[in-house]
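Subject: Structure handover

Hello,

Here is the structure for your set. My notes follow below it.

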Amino acid sequence: MSKQSKNNKPYLVLMMIFIVLFLCCVMWLMNYFLGLKRAENQMQNIQESYISAGSEESSESLPPESPAQASEESSETGEQVESTEEEEPAPDLSIYGVTDKTVDFEALKAEVNPDIYAWITVPGTVIDYPVLQHPDEMDYYLEYNLDGSKGYPGCIYTQRMNAKDFNDPNTVLYGHNMKNGTMFAALHKYKDPTFFNDNKYIHIYTEDNRILVYEIFAAYVYTDMHLLIGFDLHTESGIQYYFDSIRANEGISNVFDNDIELDADSKVITLSTCISNKPKNRFLVQGVLIAEGEQQ
């Protein structure tokens with residue numbers, strides 16, 4: 001072997017290592033983007049196949065008929081009308097941006113994923129996703145998709161520490177801050193006070209046909225503290241202490257609606273996502289339950 005060949009050998013080895021690493025990176029990127037595209041297509045299919053929306057006409061609610069009107073009409077027709085106890089009219093959720101869409105949870109659980117138990121929609125954003133909870137692993141859906149494949153974007157999920165009926169003092173939903181703007185990336189828009197004031201509601205559809213409307217009262221940077229462990233939410237005093245502490249989080253990216261009051265009976269929902277380049281922080285958007293109705 002010539003001296004020149006010996007001198008070139010280390011360079012050839014380095015070149016081979018570089019080529020292998022480059023090919024591995026290319027393959028990883030291809031798998032990453034293919035996985036994102038697959039998840040995006042699956043979500044689009046779910047939204048088209050398991051979510052139905054009625055016409056605008058059917059979503060309009062007629063004003064309830066008053067007893068006086070009923071009496072007038074019966075006297076005009078001469079018909080006898082039995083006296084019945086007045087029923088409380090169903091709440092008009094359309095004032096909070098709720099449409100008459102319905103979610104087919106039975107089919108979703110049977111055909112897509114049995115861990116789906118709710119659906120979240122945040123009008124004014126792309127957030128329109130199923131909510132899941134794994135029966136055993138707390139953060140399973142941080143790394144796994146609806147179809148069970150591992151990787152991004154994961155799912156919107158709650159941990160087993162939260163009940164599925166949204167009756168806890170604080171129900172925390174987690175989702176990735178995806179660079180393509182999907183999942184919970186849109187939460188960062190709430191750093192803008194104008195966007196915050198123009199997009200104030202969170203809609204939750206539950207598997208028992210309820211629609212829950214939350215009004216957003218806070219959007220702020222927080223630590224990565226586990227909210228369900230770091231605060232005592234089992235006593236009225238502990239709940240009130242936590243609620244009072246929320247507005248103490250002042251900062252340039254933090255926005256609050258100080259006109260919304262919370263008490264120990266309030267039901268709060270917290271949407272939590274990561275902050276780029278700040279692994280020890282989270283961005284939280286929180287709303288309080290203000291109305292409840294039923295799916296059609």
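Buried residues make up 41% of the 296 residues in the chain. Buried means under 20% relative accessible area, exposed means over 50%, and partly exposed lies in between (1.4 Å probe, protein chains only). This is a predicted model, so local features need pLDDT of at least 70 and side-chain atom pairs count only at pLDDT 80 or more, while totals for chains, interfaces and linings use all residues. Residues are numbered from 1 along each chain as its sequence is written, and side-chain values use heavy atoms, with hydrogens and water left out.

Overall picture

The chain has eight helices and eleven strands. Both are DSSP runs numbered from the N terminus: helices are H or I with at least four residues, strands are E with at least two. The accessible surface comes to about 17800 Å². Carbon and sulfur atoms account for 52% of that surface. The areas come from the Shrake-Rupley method with a 1.4 Å probe; for residues, only the protein chains shown count as cover. Now the contacts, meaning heavy atoms within 4.5 Å. Take those between residues at least 6 apart in sequence: 65% join residues at least 24 apart.

Ile216 sits in strand S8. Its relative accessible area is 0%, so Ile216 is buried. Which residues does Ile216 contact, leaving aside neighbours within four places in sequence? They are Tyr190, Phe196, Asn199, Lys200, Tyr201, Ile202, Asp257, Ile260, Val285, Gln286 and Gly287. For Asn199, 17 residues away along the chain, the C-alpha separation from Ile216 is 8.2 Å.

Thr171 belongs to strand S6 (residues 170-174). Thr171 counts as buried because its relative accessibility is 1%. Not counting residues up to four places away in sequence, Thr171 touches Thr158, Asn162, Phe166, Val268, Ile269 and Thr270.

Salt bridges

Side chains of opposite charge can pair when their charged atoms come close. The cut-off here is a side-chain nitrogen of Lys or Arg within 4 Å of a carboxyl oxygen of Asp or Glu. How many salt bridges does a search of the whole structure find? It finds six.

- Glu207 and Lys109: the closest N and O atoms are 3.3 Å apart. This pair links distant parts of the chain, with Glu207 in the loop between S7 and S8 and Lys109 in helix H4 (residues 105-111), 98 residues apart. Glu207 is partly exposed because its relative accessible area is 37%. Lys109 has 27% relative accessibility, so Lys109 also counts as partly exposed.
- Arg210 and Glu292: the N to O distance is 3.4 Å. Arg210 counts as buried because its relative accessibility is 14%. Glu292 has a relative accessible area of 38%, so Glu292 is partly exposed.
- Glu215 and Lys200: the side chains meet at 3.8 Å, N to O. Glu215 is in strand S8, and Lys200 is 15 residues apart from it, in the loop between helix H6 (193-198) and S7. Both Glu215 and Lys200 are buried.

There is a network as well: Lys200, Glu215 and Asp257 are linked by salt bridges.

Surface charge

Where does negative charge gather on the surface? The patch consists of Glu236, Asp259, Glu261, Asp263 and Asp265. Patch residues have over 30% relative accessible area and no salt bridge; like charges are joined within 9 Å, and nonpolar side chains (Val, Leu, Ile, Met, Phe, Trp, Tyr) within 5 Å. Asp265 lies in the loop between strand S9 (255-256) and strand S10 (268-275). Asp265 counts as exposed because its relative accessibility is 61%.

Backbone points

The peptide bond from Tyr152 to Pro153 is cis, with omega near 10 degrees. Pro153 is in the loop between helix H5 (140-143) and strand S5 (156-157).

Asn209 and Asn277 each have a positive phi in a residue other than glycine. For Asn209, phi is near 70 degrees. Asn209 is in the loop between strand S7 (201-206) and strand S8 (210-223). At 42% relative accessibility, Asn209 is partly exposed. For Asn277, phi is near 65 degrees. Asn277 is in the loop between S10 and strand S11 (278-294). Asn277 counts as exposed because its relative accessibility is 80%.

Best regards

Terms used:
Lys, Arg positive; Asp, Glu negative; His and termini not counted. Charge placed at Lys NZ, Arg CZ, Asp CG, Glu CD.
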